[in-house]
Amino acid sequence: MVAEDSLVWIDSTHGEYSVKSGYKLLMNVTRKINGGSQQDDWSSLWKICAPPKAKHLLWRISKGCLATRMRLQEKRVSCPLLCPLCNLHNEDDWHVVLGCDASSQARLSAGLDQFLAPFLLQASSVKELIFAICSGTDKELAGLFAMLVWVLWNNRNNVVWNELQDNGRNLGFKARHMWEEWISVQQLQHGARKNAQQQPIRWQKPDQNWYKCNVDAGFHKELNKTSLGWCLRDDRGRFIMAATAWMEGNCSILEGESLALLEALKVLEQRGLTHVIIETDSKSVVDAISHLRGGSSEFSFISCNIKNILLCNPNFKVKFIKRQTNMVAHTLARTAVSWSYRCTFETLPHCITPILNNEMI
Ligand SMILES: [Zn+2]
């Protein structure tokens, strides 16, 4: 069956335009037009260890967007010029971040004085200072500095809008406290993510009364062929059946892997199986089918079929596993090209006997 031609946005995997992919493309084009000259590489700003709101504030300051009283006047907004905290100096970027008495006290109590001293000697503007700090090696202290700037600006706004003022010393403590709290949450989340990612390094039998089907694709560029293989086992790891196929042409990895999955699903459905864990080592296939929207990429026809079968069979569960736990299917797919273009095995094929026996233990 041939799918109708349709428009595909090639700069994303699902074939649909997204603002993000459009922006990326545009930035690549403009960079090329500018001869690759990047006056300032601000990417380091986003790598410092600080909450996004603090990084965002630094970015706003470096882009000249902080609404200080001096800047507001430049934009013809009528407002007083003096710093609302000290009422002694005009309020500009430098004064907010460094010059005001409250800012220097806060710097001291946050424990940043020593860290900032060498930067202060060299920088002639807050923008330069931020750039130097973020490009430096200490991403943690850079993060603490960002948090401090956020606390200072937040306090300034509290003075202006809520008539609430904290002294400089407290602001420094507050910045350190908030930053340390943020860091510990990050570490906790990182640990949790790491645990979740820990997958078994060998093949696991399915739960009682469940079947497991491993699927894989093979890509044989030199033969101009794409192959697939899958193997079904019961809850004791015993062989039930396997199948292989190959076709002419070099499919993309996503197409090949999803074709392998589709082929297996069709047979499982035909055989009337109801509880099956289907394992693939292709993360992009699992991601693609878990996106419910239709998509219009080259492989959306295959993924659409896969989704339909999964919808009709709620106990067909597709899971991603590491390649080393998918060796049976991998071997079948590799060997497929040396057999006729389509094979079904009701008895255990020799090429996978040792692997399968080993995995039953
Ligand atoms: Zn001031």
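In what order do the six strands of the open sheet lie? The legends below take this up for a predicted model.

View 1. The six strands run E5-E4-E1-E2-E3-E6, and their pairing is mixed. The edges are held by strand E5 (316–320) and strand E6 (342–345). Each has a single partner strand, so one side of each lacks a neighbour in the sheet. On average, neighbouring strands are turned by 15° against each other, direction ignored.

**View 2. Pairing of E1 with E4.** Strand E1 (residues 211–220) pairs with strand E4 (residues 276–280) in the parallel sense. Four bridges link E1 and E4. Ile277 in E4 has Lys212 opposite.

**View 3. Helix H13 on the sheet.** Helix H13 (residues 327–335) packs on the sheet. H13 touches E1, strand E2 (225–233) and strand E3 (239–248). The directions of H13 and E2 make an angle of about 140°.

**View 4. Packing of helices H10 and H11.** Helix H10 (residues 253–270) packs against helix H11 (residues 283–290) at an angle of about 70°. Their axes are 9 Å apart. The angle makes H10 roughly perpendicular to H11. From H10, the contact takes in Leu254, Glu257, Ser258 and Leu261. From H11 come Ser284, Val285 and Ala288. By type, the contact residues are four nonpolar, two polar and one charged.

**View 5. The two domains.** Domain 1 spans 39–197, and domain 2 spans 211–360. Taken over C-alpha atoms, the centres of domain 1 and domain 2 are separated by 53 Å.

Methods: Residues are numbered from 1 along each chain as its sequence is written. This is a predicted model: local features need pLDDT of at least 70, side-chain atom pairs count only at pLDDT 80 or more; totals for chains, interfaces and linings use all residues. Domain bounds come from an automatic or database domain assignment. Axes are lines fitted to C-alpha atoms, for helices over the stretch in contact, and angles run from 0 to 180 degrees between N-to-C directions. Helices (H or I, at least four residues) and strands (E, at least two) are DSSP runs, numbered from the N terminus. Angles under 35 degrees count as roughly parallel, over 145 as roughly antiparallel, 65 to 115 as roughly perpendicular and the rest as oblique. Two residues are in contact if their C-beta atoms, placed from the backbone, lie within 7 Å. Ala, Val, Leu, Ile, Met, Phe, Trp, Tyr, Cys and Pro count as nonpolar, Asp, Glu, Lys and Arg as charged, and the others, Gly among them, as polar. Two strands pair if DSSP finds at least two bridges between them.
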